[in-house]
Amino acid sequence: MSDHFSARDIIPPIYLDGAATTRPHVLVVEEVARTMSDLYGNPSSPHELGVAAETSLEHARKRVARHLGVDPRGVYFNSGATEGNNTVIEGVARSFGHRGDGIVISGVEHPSVYEPARSLEREGFRITSVKPDSSGRLDPERVAQCIDSDTILVSVAAVSGETGIVQPLIEISSILRGLPEPRPIFHSDLAQAIGRLPLNIESLGLDCATISSHKIQGPRGTGILYVRPGLHISPLLRGGGQEMGLRSGTENLPGINGTALALDLLHEDRDKWRSMDFRQGLSGMLESLIPDTLVNGPAGGAGPDRAAPHILNVSFLGIPGEVLVHALEDRGIYASTGAACSSRDRRRTNYTLTNMGLADDRIESALRFSWSKEPPPEHAERLVEELQDLTSSLRRITTGH
Amino acid sequence: MIHPGEETILVRYGEIGLKGKNRALFENRLMNNLGAAAPRGSVARIHRRQGRLYVDLLPDADSEDAIAHMSRVFGVVSLSPALVTPLEDAAMERAAISAAREAVASLETSAAISPSFKVEARRANKGYAKTSPEINTWLGGVILDAVSGLSVDVHEPDIRIVVEIRSDAAYVLGRTIRGPGGLPVGSAGRGLALMSGGIDSPVAAWQLMKRGLSVEAIHFHTPPFTGPRARRKVEELGSILAPWGIGFTLHMCHFTEAATAIRENCPRRLHLTIMRRIMLRQASALAQSRGIPVLLTGDSLGQVASQTLENLVATDDAATIPVLRPLIGLDKEEIMQRSREIGSYETSILPHEDCCSVFVPSDPQTTPSIEKVRSAESALPDFLLGDAPPRVDTLVFDQSGTRTT
């Protein structure tokens, strides 16, 4: 087709968009296929094929519960974090709207949190979005100030998918625990946090938590919603009453078994999922070798209490982020400009960075590098080499020097 | 010859009839285009008879599908499916009833409440026993009995059931489907369209396809300043135009070097004008290398800064062959409406930009003088000012819109 010869023809690609999605683990792919072929019965069916499927489903629920450190009765399988976040926000509003009308979210949430919240706002709920500091982190005191006696839900993502900032969930949790009963329901979107932080859902006092399997090398279209046993929220989907009535629809057993296996594999390899070295090394090289480079969100050297290990957001001033993404892909390196689900829509791309109060030129030139398990250090070296070359040649064009 | 019991489609065409001795050429082009547009394996043969074309379908063909495809062929004024029956009373009665039912089903809802009809017999076979008025009365009565809710109106009927008596068979027609009109693609020669990813340029190409031009397109892209989605969008537009153009050829031209050179060497406010001059120059060279005599663009006078009269004059100055601008006098709203009818609108409004803001000044010169532009342009490297055709990737779509190369 083209005689234009590009790097991706000869060198294996480097995938640095793990916060958008990860490549499923080869054993997960096998597990999904095996479940599809062998356990095709409907877990609700009365015959032995149904019983076999149900047994496998409940086994998966126990494995998942063990990894999350929660009671299996609180584990609900669904289609992923978007569904989980919608279920929690809409469900809490419907079930506890009589108690109050206040919902508090952070200003750096994923659209699957703030869009349902906006929709409730049109129905008359009060939505308070807590502004973060310039690194994207919430001040627990500010959260406390936003909560009043009519607050029924507080929703704060443990890790921002755009910058990797880690929120002070422990502090927020202890503020909530100090409130008189009935306390607001405490929810956290763990989509970017699962496997990355040593977090314990129960000791954090979370009432609800949401997880997507595809962020941890599991299958697409599968996820986990945790709801503390004893807490009842109104379902989004009604029907056959599966998942204890909270999520009707025939269970996606292949996806569920794939999820359980992805968590097993994550646990075996947890050091590599949690290592801060790649982030720190990459950030150090970028800042020292490429002029006019700014890290957005937690600094490269930030510890695990402030930064997730797998996301680094950087602005190369003067170059539109999208241009650099295309230039990098031409050299076989895949990065992103923001949350992948909304990168195509300019108005929404930089919700998080805008709420952090960053300047426009910094937002326009922002790139997000992210990964699943820690990549080898050579990947950082090759990325930095390509970026040195590309930033200087592109800046000659875009800024004239 | 088609056999009784099979189906043929009568195709009426308009302006072709006016073209004097070129008429056969036009008719042949239309027959070719109809054959190409019809689904594979649906057409037995296409023939001409008394100023009409007949498309005989194969026994297993899906006639609705064939009609849907052929009703988008330029040059077609209207189409009517015809049942071919033996010259036997029972068979002709069945055909008349079925044609009437189909015609009722296809009526607009306003007329469908109590539609009127008439039968029009045409007796080409003078040996046939019944006269035309006898046939009208006989089959009119049959239809009236069999299809409820119909009434007869011989002056302004909603439905005309035409019965043509030939030597070997009767042709019974009830329903008429409008075609797009115009002239068959290819009958007016060839043109090369400059195609962005926007709303206007696909409409410009369509508009001249309708006047018989066989249109190819050139698209200028500037990776990495434009991305793979912008490229995909232009490919999709090519695929949407392909059924109208009886296939479509799209040339993708890598323009980053040119855009960069303009940015580095020319005054900022003239970037847009000069960029468009280089595009016209490269398109002229490509067209000439392919034996194409004209260019076409989607310009509409005054719509944006680059479409002021002065800018159009200053850009045309760089073209070495004539530039047709079929949308020059249309409002944006009219162009958008046409784009929706063609089916390109939804793709055109996708947000992937085909030209990066890096290369477009925020305050482009709207009244440049040709002399100034020429002199500013002379600072560019020779390869942008010469007449060598640019290097392109060429994509070909067949008439179904499928990419073949």
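Colleague: Is Glu90(A) buried or exposed?

Modeller: Glu90(A) is buried, with a relative accessible area of 17%. Buried means under 20% relative accessible area, exposed over 50%, and partly exposed in between (1.4 Å probe, protein chains only). This is a predicted model, in which local features need pLDDT of at least 70 and side-chain atom pairs count only at pLDDT 80 or more, while totals for chains, interfaces and linings use all residues. Residues are numbered from 1 along each chain as its sequence is written, chains are lettered from A and ligands numbered from 1 in the order in which they are written, and side-chain values use heavy atoms, leaving out hydrogens and water.

Colleague: With which residue does Glu90(A) form a salt bridge?

Modeller: A salt bridge is a side-chain nitrogen of Lys or Arg within 4 Å of a carboxyl oxygen of Asp or Glu. The partner of Glu90(A) is Arg94(A), with the closest N and O atoms 3.1 Å apart. Both residues lie in helix 3 (residues 81–96) of chain A, 4 residues apart, about one turn of the helix. Helices (H or I, at least four residues) and strands (E, at least two) are DSSP runs, numbered from the N terminus. Over all chains, the count comes to 42 salt bridges.

Colleague: Which side chain meets Asp299(B) in a salt bridge?

Modeller: That side chain belongs to Arg325(B), at 2.7 Å from N to O. The pair links distant parts of the chain, 26 residues apart: Arg325(B) is in the loop between strand 14 (323–324) and helix 10 (332–342) of chain B, and Asp299(B) in the loop between strand 13 (294–296) and helix 9 (309–316) of chain B. Arg325(B) counts as buried at 16% relative accessibility, and Asp299(B) counts as buried at 2%. Arg325(B) also forms a salt bridge with Asp316(B), at 3.0 Å from N to O; Asp316(B) is partly exposed at 31%.
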